[in-house]
Amino acid sequence: MGKIKVALAGFGTGGRIFHAPFIDAHPQFELKYVYERSRKTAQEIYPYVKSLSSYEELVDTDSDLVVIALPNDLHYSAVRQALLKGKNVVCDKPFCPDSRSAAELFELAESKGLFLTVYQNRRLDSQVRTAKKLLSEGILGDIYDCTMRFQRFQTARNKKLWKSSDPTTGIIYDLGIHLIDSAYYLFGMPKAVFCDVRTLHPFNTVCDRADISFYYESGLKVTLALSQAACKAEDALVIHGSKASFCKEGEDPQEKRLNEGMSPRDPRLTLEDEDARGRLYYPDKSFSYYPQVSGGYIDFYTSVFEGLEGGEPFVDKRQAVDVLRLLEASIISNSQKRIIEL
């Protein structure tokens, strides 16, 4: 197979920052078409692409793969339309509004022999990759508690109306889906979920603070802390075990550097600052640095290429549906103010 021809639907933050640069930098892909709903800016950055004015035009091209980075409420219909046109699909998170819709789309893809996956790039954050390696080595012993955090400070209501009014927005659907997926990726499916959601900023109409707890058969509790009202972020990842604890400050640097215009071709994109290294703490109060595993969002597209060649997708049907089941359970838990058994 020659280079995979890609049609990108959406050139907002998702398409412009998290998809186009990696498709362009990856040797196995060719970015050929971009659907832009309003501003026409893709050709300024990628002069060789063809900018299209409708999604219908995009799915009628000779593309091999459609990458969907549209507003959340359009994901289901856009994926379905692309599959019915015989296109392989990568869809941004959140994949669908509910797990039933997600299962339906995967069944449609399977019936047509097409590739379908969800862009869960935060599995490729440095702290998640490091935790995956650390857990596989058993250095921490039996795992008792894990806390994962996304904490930022929002200064004004989002200018994009769909991000502040659509029911599939708010911090759970935005940052929360990342942490839900990361916890699932590291520890699997919990037995129960509890969630508390709040709206703190007076200018917000969607939730901007959430605390989600996952309970496991082993006794492990995983806490997901999400906030758009944190002037000072706490450790991004803390894991406590019977032999040691692991603490990691700060978010993965890729998003910040991509927003600053750094290319995925630049080896500095994934480099962690020295003071952001994770530490292992022991019962005798001593500590040591643990070798950081670098993040790498471009590896997602390597997995897509391998999937198109017949390999297993990085995010498969069961995982995509399970993550949405956990999202649904979180929303139900908050509305009913109780623990939801799975």
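Here are some notes on this predicted model, point by point.

1. Helix α7, residues 171–187, packs with helix α10, residues 317–336. Their axes lie 10 Å apart and meet at an angle of about 125°, which makes α7 oblique to α10. As for hand, the crossing of α7 and α10 is right-handed. If you want to look at this pair yourself, the angle between axes and the distance between them are what describe two packed helices.

2. K337 sits in the loop between α10 and β15 (340–341), and its phi is near 55°, a positive value in a residue other than glycine. K337 is exposed, because its relative accessible area is 53% and the cut-off for exposed is over 50%.

3. A second residue of this kind is K285, in the loop between β13 and β14 (287–289). K285 is not a glycine, yet its phi is positive, about 80°. With a relative accessible area of 73%, K285 is exposed as well. For context, most residues other than glycine have a negative phi, and most peptide bonds are trans.

4. The bond from K93 to P94 is cis, with omega near -15°. P94 belongs to the loop between β5 (88–92) and α5 (99–112).

5. On to charges: the structure holds 23 salt bridges. One of them joins the side chains of K32 and D62, at 3.8 Å from N to O. This pair links distant parts of the chain, 30 residues apart: K32 is in strand β2 (residues 29–35), while D62 is in the loop between α3 (55–59) and β4 (65–68). Both ends count as partly exposed, K32 with a relative accessible area of 22% and D62 with 40%.

6. Another salt bridge to look at is the one between K248 and E272, whose side chains meet at 3.5 Å, N to O.

7. Do have a look at the charged network. Which residues are linked in a network of salt bridges? They are R122, D125, R152, E251 and E255. In general, side chains of opposite charge can pair when their charged atoms come close.

8. Finally, a nonpolar feature of the surface. Y281, F287 and Y289 make a nonpolar patch of about 270 Å² there. Y281 lies in strand β13, residues 279–281. At 32% relative accessibility, Y281 counts as partly exposed.

Notes
Residues are numbered from 1 along each chain as its sequence is written. This is a predicted model: local features need pLDDT of at least 70, side-chain atom pairs count only at pLDDT 80 or more; totals for chains, interfaces and linings use all residues. Side-chain values use heavy atoms; hydrogens and water are left out. Patches are made of residues with over 30% relative accessible area and no salt bridge: like charges are joined within 9 Å, nonpolar side chains (Val, Leu, Ile, Met, Phe, Trp, Tyr) within 5 Å. Accessible areas come from the Shrake-Rupley method with a 1.4 Å probe; for residues, only the protein chains shown count as cover. A salt bridge is a side-chain nitrogen of Lys or Arg within 4 Å of a carboxyl oxygen of Asp or Glu. Helices (H or I, at least four residues) and strands (E, at least two) are DSSP runs, numbered from the N terminus. Buried means under 20% relative accessible area, exposed over 50%, partly exposed in between (1.4 Å probe, protein chains only). Axes are lines fitted to C-alpha atoms, for helices over the stretch in contact, and angles run from 0 to 180 degrees between N-to-C directions. Angles under 35 degrees count as roughly parallel, over 145 as roughly antiparallel, 65 to 115 as roughly perpendicular and the rest as oblique. A crossing is left-handed if the near helix is turned anticlockwise from the far one by less than a right angle, and right-handed if clockwise.
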